[in-house]
Every structure is written in C-alpha cells, then in structure tokens.
Amino acid sequence: MANNSATPVGELLLRTSPMPSDTNANGDIFGGWIMSQMDIAGGMLAIEITGGRAVTIAVDAMKFIKPVKVGDVVCCYGKVTSIGNTSVTIRLEVWVKPSLREMNVEKEKDFFVVTEASFTYVAVDSEGRKRLFPKPESSAS
C-alpha cells in the first residue's frame, strides 16, 4: 500500500544519486538498482538490530510509481515493523528529490515517493545458519 502522506515514514537510512550506468535504454534508472539500494539500507539497519550478520530472506511486492533519472537524489527511509527471535521486518520507502535541472519552477511536488516494500532479514551465524538475537529494549511499534 502506497504512502500517501507528504512525508516519508521512518528514519533516513541511505541517500545517494544514480549514475548513467544505472539506466535502461530509455534513460530511466533500473528498478533493480533501486531495489538494491533499499536492500543495502535495510540490511544495515537489520545488522544493527540483530547485532551481527543478517541476510535478506523475503521482499514483498513492489510497484514503481514514478521513474527515477540520473542526478536525482534517492533517499531510502525505513521503519522496523516486526522483530522475531531470528528475523526482523523493515518497511522501506524510496523518496526522490529531482535534480535541479528537472525541478518545476512551480515546485508542483519536489519530493515524492517512488516505491516501497517490506524486507525481511534473518540473523545468521558465520556458517550461514539462523541464530537467535536479543530483542532491542525499545521493540518495534
């Protein structure tokens, strides 16, 4: 379900800008590149929460709402939605601020959501086996 609010949900986890090598033949940024940025952002938060190695085990459906262009500022926000004994689920949203050359003078909407999804990570040991981790004091809301 798309975030219809005017502001992102969660904390800023990653901010980057795509390069020409990240585009398809039409000049739009590959959806896979955006998804990988989400996975990087969520993975860093998952590692903090689980206190060690964590790997992606699931991603719910994604719908790309608007195209992203080279030079846009891509911001990934995340919020923990559930914490289990071996896994954590993080809701991630990608918001984009268009590059200065693309911004509308009327500033119709200069910061918008591009996609969102829930990523689930499982804590693993050095052998890649699931491991328990202590739940943080302030549990997910």
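The model is predicted.

Strand β5 covers residues 112–123. The strand is mostly covered, with 12 of its 12 residues buried.

| Partner of β5 | Residues | Bridges to β5 | Direction | Residue pair |
|---|---|---|---|---|
| β2 | 54–59 | Five bridges | antiparallel | V55 opposite V122 |
| β4 | 87–97 | 10 bridges | antiparallel | V88 opposite Y121 |

In a regular strand, side chains alternate between the two faces of the sheet.

**Residue T120**

T120 belongs to strand β5. Is T120 buried or exposed? Its relative accessibility is 16%. The cut-off for buried is under 20% relative accessible area, so T120 counts as buried.

Leaving aside neighbours within four places in sequence, T120 is in contact with V55, T56, I57, A58, S87, V88 and T89. With T89 there is also a polar contact between the two side chains, at 3.1 Å.

**Residue G31**

G31 lies in helix α1, which spans residues 31–50. The relative accessible area of G31 is 29%.

How far apart are the C-alpha atoms of G31 and K63? They are separated by 9.5 Å, while the two residues are 32 residues apart along the chain.

Note on methods: Residues are numbered from 1 along each chain as its sequence is written. This is a predicted model: local features need pLDDT of at least 70, side-chain atom pairs count only at pLDDT 80 or more; totals for chains, interfaces and linings use all residues. Side-chain values use heavy atoms; hydrogens and water are left out. Helices (H or I, at least four residues) and strands (E, at least two) are DSSP runs, numbered from the N terminus. Buried means under 20% relative accessible area, exposed over 50%, partly exposed in between (1.4 Å probe, protein chains only). Two strands pair if DSSP finds at least two bridges between them. A polar contact is a pair of N or O atoms within 3.5 Å; within protein, one must be able to donate a hydrogen and the other to accept it, and residues adjacent in sequence count only if both atoms are side-chain atoms. Contact means heavy atoms within 4.5 Å.
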